[in-house]
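Please read the sequence and the 3D structure side by side. The tour below goes from backbone details to a helix, a ligand and the cavities.

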Amino acid sequence: MLRLENVVKSFGGVVATNDVSLNFPTDSLSAVIGPNGAGKTTLFNLITGHLVPDSGRILLADEDIVGMAPAGIVRKGIGRAFQVASIFPTLTVEQSLMAAVASHVHMSESLLTAFPPRSVRERAGELIDLLGMAPVARLLCSNISHGDQKLLDIGLALALEPRVLLLDEPTAGMGPEERWQMIGTVRRLWEQGRMTLIFIEHDMDIVFEVAETIHVLRYGSVLATGSADDIRNNPEVIEAYLGTETPEEVPA
Ligand SMILES: Nc1ncnc2c1ncn2[C@@H]1O[C@H](COP(=O)(O)OP(=O)(O)O)[C@@H](O)[C@H]1O
Ligand SMILES: [Mg+2]
């Protein structure tokens, strides 16, 4: 579904993405891990068109999307959860989701049969159920918890019915219990939604438990790719990442 081939991106002297080749099969659930500064967010920015690679190709279903504007890439089916709940502070959760669904329906008008007609409210209701947000559906976005705002961000991305969904640290800023709840929701929406899902996550226990495939980045390069067992037992990963007591503080 999504393939990166020899992607390079530098900022001045810093090579944030160093000849990265990765494959994300259709409907797979992958995690990208690595110390702070490893290039995880840069990778997402390259995929979404917010950054343009210096070289290399990014293929969505075999179409090279390098150089397309972010809005065009969204239309192609790559969604991303941003910290955007605040753009609808005066709307309720339900209204925000309805606005996102409506914008998507409008956006897809030219695609005609690709999207069966469905009531906007009904689709927003489905998203609320999927995310377990019924208790806060009628609250203003500005009044919901941090965790619910993160869920809403995911819902706004889902409203656009992405083929590929990117989640950059969906559990950031959450306590242990809330983290597991969030990642359970992510796993559930992947199981029910049939999409290629890629998430960035710091917590190893979560990654090992949830992801089918794990890609480890270090200094902008892919250090290892594999299942939880492969990664757990990879000597290079143990040395570079797992063996470090505070992996977040390893310098770039
Ligand atoms: N827009 C930018 N301008 C300059 N340097 C950047 C920019 N974005 C990222 N970097 C640098 O690229 C490296 C990778 O950053 P990032 O992708 O944010 O890492 P991660 O998400 O893994 O913590 C870091 O050294 C960071 O300082
Ligand atoms: Mg990051």
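Glu-169 is partly exposed, because its relative accessible area is 21% (buried means under 20% relative accessible area, exposed over 50%, and partly exposed in between, using a 1.4 Å probe and the protein chains only). Glu-169 sits in the loop between strand S7 (164-168) and helix H6 (176-193). Helices (H or I, at least four residues) and strands (E, at least two) are DSSP runs, numbered from the N terminus. The phi of Glu-169 is near 50°, a positive value in a residue other than glycine.

This is a predicted model, in which local features need pLDDT of at least 70 and side-chain atom pairs count only at pLDDT 80 or more, while totals for chains, interfaces and linings use all residues. Residues are numbered from 1 along each chain as its sequence is written, chains are lettered from A and ligands numbered from 1 in the order in which they are written, and side-chain values use heavy atoms, with hydrogens and water left out.

Asn-6 also has a positive phi near 50°, again in a residue other than glycine. Asn-6 belongs to strand S1 (residues 2-11). Its relative accessible area is 41%, so Asn-6 is partly exposed.

Go back to strand S7, which contains Leu-167. Is Leu-167 buried or exposed? Leu-167 is buried, because its relative accessibility is 1%. Leu-167 and Leu-197 are 30 residues apart in sequence, yet their C-alpha atoms are 7.8 Å apart in space.

Now turn to helix H1 (40-47). Seven of its eight residues are buried, so H1 is largely enclosed by the rest of the structure. The buried residues are Lys-40, Thr-42, Leu-43, Phe-44, Asn-45, Leu-46 and Ile-47. Just after H1 comes Gly-49, with a positive phi of about 85°.

Which element gives the most to the shell around ligand 1? H1 does, with three residues. Strand S2 (14-24) and H1 each supply at least two residues of that shell. There are 12 residues around ligand 1, and Gly-37, Gly-39, Lys-40, Thr-41 and Thr-42 come nearest (a residue is near a molecule or strand if one of its heavy atoms lies within 4 Å of it). By class, the shell holds six nonpolar, five polar and one charged residues. Here Ala, Val, Leu, Ile, Met, Phe, Trp, Tyr, Cys and Pro count as nonpolar, Asp, Glu, Lys and Arg as charged, and the others, Gly among them, as polar.

Consider the atom pairs at ligand 1. An N or O atom in the side chain of Lys-40 is 2.7 Å from an oxygen atom of ligand 1. The backbone takes part too: an N or O atom of Gly-39 lies 3.0 Å from a ligand oxygen, and one of Ala-38 lies 3.2 Å from a ligand oxygen. Taken alone, ligand 1 exposes 560 Å², and the protein buries 61% of that (accessible areas come from the Shrake-Rupley method with a 1.4 Å probe).

Finally, look at the cavities. A cavity is a set of points, on a 1 Å grid over the protein atoms alone, where a 1.4 Å probe fits but cannot get out; lining residues have an atom within 4 Å of a point. There are two cavities of 30 Å³ or more.

Definitions and conventions
1 Å grid on protein atoms, 1.4 Å probe; cavity = no way out; pocket = protein on both sides within 12 Å on 5 of 7 lines; lining within 4 Å. Points joined across faces, edges and corners; volume = space filled by probe spheres on them. Polar contact = N/O pair within 3.5 Å; in protein donor to acceptor, adjacent residues only side chain to side chain.
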